[in-house]
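Trainee: Please take me through one part of this model in detail. I would like to look at the charged side chains and what surrounds them.

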Amino acid sequence: MGFIYAVRSEQEKKKHTPFWAIHFCVPVIGALLFLVYYFLYGSTADSKKLKMILELTTMIFPLLISVIVGLNVALEEKASHFQTLLAVPNRHKNMLAKLTYLYGSGIFALFFLFLIFVIGIHFLEITGTVPLGTLIGAAAGIAFCNLIIYIFHLFLSFKFGLGLSLFWGVFESLQCILYSNIELKGITRYIPFSWSMNWVQDILSRQIFNYGTEKIWIAALTTGGLLLTLLWFSHWEGRKNYE
C-alpha cells in the first residue's frame, strides 16, 4: 500500500501545476505540426515522411524529459527542501513512485501524440499512409529506451538542480540529431541517449530483430541504473546548502 499511496501523492501534487497541461498541449502541437508536414509534402515518399516524424520525436524527447523532471523536482525543493521525501522510512518507494508517475505520464503523452496524428491523417484525408504497426512499434521502443533518461534526470535534478538537468537535456537532444545522420555500430550503440534513435532506425530498416542481444543488455543496464539510483536516494541527505 505504501507505493500506491506514494503514487497518489504524486498525483495530488500535480493538481495545481501545469504538469498535465504540458502533457496534453505538447502532443497536440506536435501532432498538428506533423499533419502540416504531411499536407505540405504530400508528394514525398511515405517512408521518408514517417522517418522524419519519428526521428524528430526522438530528438525532442530528452529535452522535454529534462524540463518535466527538473520542474517536478524543483517543486519538491520549493515546497519543503526535500524534507517531505527524506523524512519518511523506505524513501526509495517515494523515488520509485515519482519515477513511475513521471514515466507513465510521458508514455501517455507519446502515444497521445501519435493517436492525434493518425486520427488527423484519416479525418483530414491527407495524402499518404501511415503503417500503424511500424508506428506503434517505434513508439513502444522510444518509450522503453527513454526510461534510462528519466532515471538519469531524476538523479541530476535531485543532486544538482534544474539548471544542469536542462543543460544535459539539450546536450542529449543535440546528440540525437547527430545520431540521426550516422549509423552507430559496436560499443557506441550502448550510449544511452542513442538507444531510441537506434531503435527507430532499426525498425524502419526492418532490422529490429538483428539486435536481440543488444536489447537484453539495454534492459539490464536500465535495471542496473534504476537500482543504483534508488540505492543512492536511500542514503542521500539533501543538497549541501540545506545541511
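Mentor: Start with the total: the structure holds 12 salt bridges. A salt bridge here is a side-chain nitrogen of Lys or Arg within 4 Å of a carboxyl oxygen of Asp or Glu. Side chains of opposite charge can pair when their charged atoms come close. A word on the source: this is a predicted model, where local features need pLDDT of at least 70, side-chain atom pairs count only at pLDDT 80 or more, and totals for chains, interfaces and linings use all residues. Residues are numbered from 1 along each chain as its sequence is written, and side-chain values use heavy atoms, with hydrogens and water left out.

Now go to E10. Its side chain meets that of K13 in a salt bridge, 3.5 Å from N to O. E10 counts as buried because its relative accessibility is 2%. K13 is at 26%, so it counts as partly exposed. The cut-offs are under 20% relative accessible area for buried, over 50% for exposed, and partly exposed in between, with a 1.4 Å probe and protein chains only.

E10 also forms a salt bridge with K14, at 2.8 Å from N to O. K14 is buried, at 3% relative accessibility.

Next comes K98. Its salt bridge with E10 has the closest N and O atoms 3.0 Å apart.

A network of salt bridges links E10, K13, K14, E76 and K98.

The rule asks for NZ of Lys or CZ of Arg within 6 Å of the ring centre and within 35 degrees of the ring normal. K49 gives another case: it lies over the face of Y38, at 4.5 Å from the ring centre. Y38 is itself buried, with a relative accessible area of 0%.

To recap, E10 bridges to K13, to K14 and to K98.
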